[in-house]
Number of protein chains: 2
Amino acid sequence: MAEIKEVKLFGMWASPFALRVEWALKLKGIEYEYVNEDIPFNKSEELLRLNPVTKKIPVLVHNGKPLTESLVIIEYIDDTWTEGYSIMPEDPYDRAQARFWAKFADDKCISAMSGVSTSLGEAQQKMLQEAREVFQTLEQALGSKQFFGGDQIGYLDLAIGLFAFWMPILEEIVNVSVVDNENAPLLKEWFARILDVDMIKTSLPPRDKMYELSKQRREQFLSGEISRLN
Amino acid sequence: MAEIKEVKLFGMWASPFALRVEWALKLKGIEYEYVNEDIPFNKSEELLRLNPVTKKIPVLVHNGKPLTESLVIIEYIDDTWTEGYSIMPEDPYDRAQARFWAKFADDKCISAMSGVSTSLGEAQQKMLQEAREVFQTLEQALGSKQFFGGDQIGYLDLAIGLFAFWMPILEEIVNVSVVDNENAPLLKEWFARILDVDMIKTSLPPRDKMYELSKQRREQFLSGEISRLN
């Protein structure tokens, strides 16, 4: 009989939101079972049962109880496995700032990045300008620190780590430059720095597969075949 | 010389987001100075200096340090003034659920509610259907409890308390019914229950002023005079 693990993560190999949660589990040294969902067309019955409200991945199941929304799940992991690596900043003000910027990244940066990737011509130029601005703003949260979490990676690094991997791929596909040495030099340096962290480096999906999928999704968007990613 | 209070809240009398923060401060018994901003046309220099990123209210200033985003501020208040009333649920799973539903309310319910108020004809019928659905979904988080926080009000009650006051006003202005005994009877009962909590009841803006402003804003939206509320 197969072993039933107490922690199960429903994700999709290319999902940066599922990856956030995997990173949090790995930082804590928590063993988990990974269920790769076929997103967006063939979601499993189990996923729909576990997350009937948004029907999205990631879903973390801990002792049979489902949790949804990647940022909420990261906080839950830090709240529940209190020993070992601390993900959230200890100081309440720093914690509030980290939450603010994670929300900013989800509300502004992700849509700006997707906007650049799923538009053409003049609309794309407008999105590009907006994307450069929001990432320049995001850079303020880093300042002169090594990581958003300070000397080591923390909540905000996990929350926005997806950009370090995904942005250069999208920039290459669309042939534009959003985060570069001119527009956001500190963020660009952080991209290199976080991708060099062992736990991050060893958990990324294969770049060529990610490139192909992102290219395909962009074409599906532009042709109207799909309207959303998850 | 005027006394300088250590806690200052930049809000706007009719803002449900500023009201959330006021409720949290009141639950904790924290004294604060209130600065009423002229939103959206005449924001003060100080507000723009304190919140250059989103330029929105509410902004809480504690010992000179600014905090933004109402839900983030509520958690900060609970994290900082740890004695007395507990706003966040104690159990990590309950906490995660409360955060999930607050995000759901902000992402889905508020836009659905605004959508009903700022559309006409067929578009409005579509928004109305969507609004009824999302509020029916939100009701699931309440279940058979007195309050979302259990026997007493907590984080999620503060987060969505705005609907209890504002929804009936908008329903009256637009002449529709979103949260009613047929569509979401438990939520409707909770509307009455939370509006009867002393701290809530005594801190609401005057209903007639709120009605007039909401009506005026709706007309400004429909005529294209304004495109956003804050």
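The model is predicted: local features need pLDDT of at least 70, side-chain atom pairs count only at pLDDT 80 or more, and totals for chains, interfaces and linings use all residues. Residues are numbered from 1 along each chain as its sequence is written, chains are lettered from A and ligands numbered from 1 in the order in which they are written, and side-chain values use heavy atoms, without hydrogens and water.

In chain B, 4 strands form an open sheet with mixed pairing, in the order 2-1-3-4. Helices (H or I, at least four residues) and strands (E, at least two) are DSSP runs, numbered from the N terminus. Two strands pair if DSSP finds at least two bridges between them. Strand 2 (33–36) and strand 4 (65–68) of chain B are the edge strands, each pairing on one side only. From one strand to the next, the twist averages 20°. Axes are lines fitted to C-alpha atoms, for helices over the stretch in contact; angles run from 0 to 180 degrees between N-to-C directions.

Strand 1 (residues 7–11) and strand 3 (residues 59–62) of chain B run antiparallel, joined by 4 bridges. B:Phe10 has B:Val59 of strand 3 as its bridge partner. Helix 1 (residues 16–28) of chain B packs on the sheet and touches strand 1, strand 2 and strand 3 of chain B. Contact means heavy atoms within 4.5 Å. The direction of helix 1 makes about 155° with that of strand 1 of chain B.

The same surface serves both copies, as 100% of the contact residues of chain B recur in chain A.
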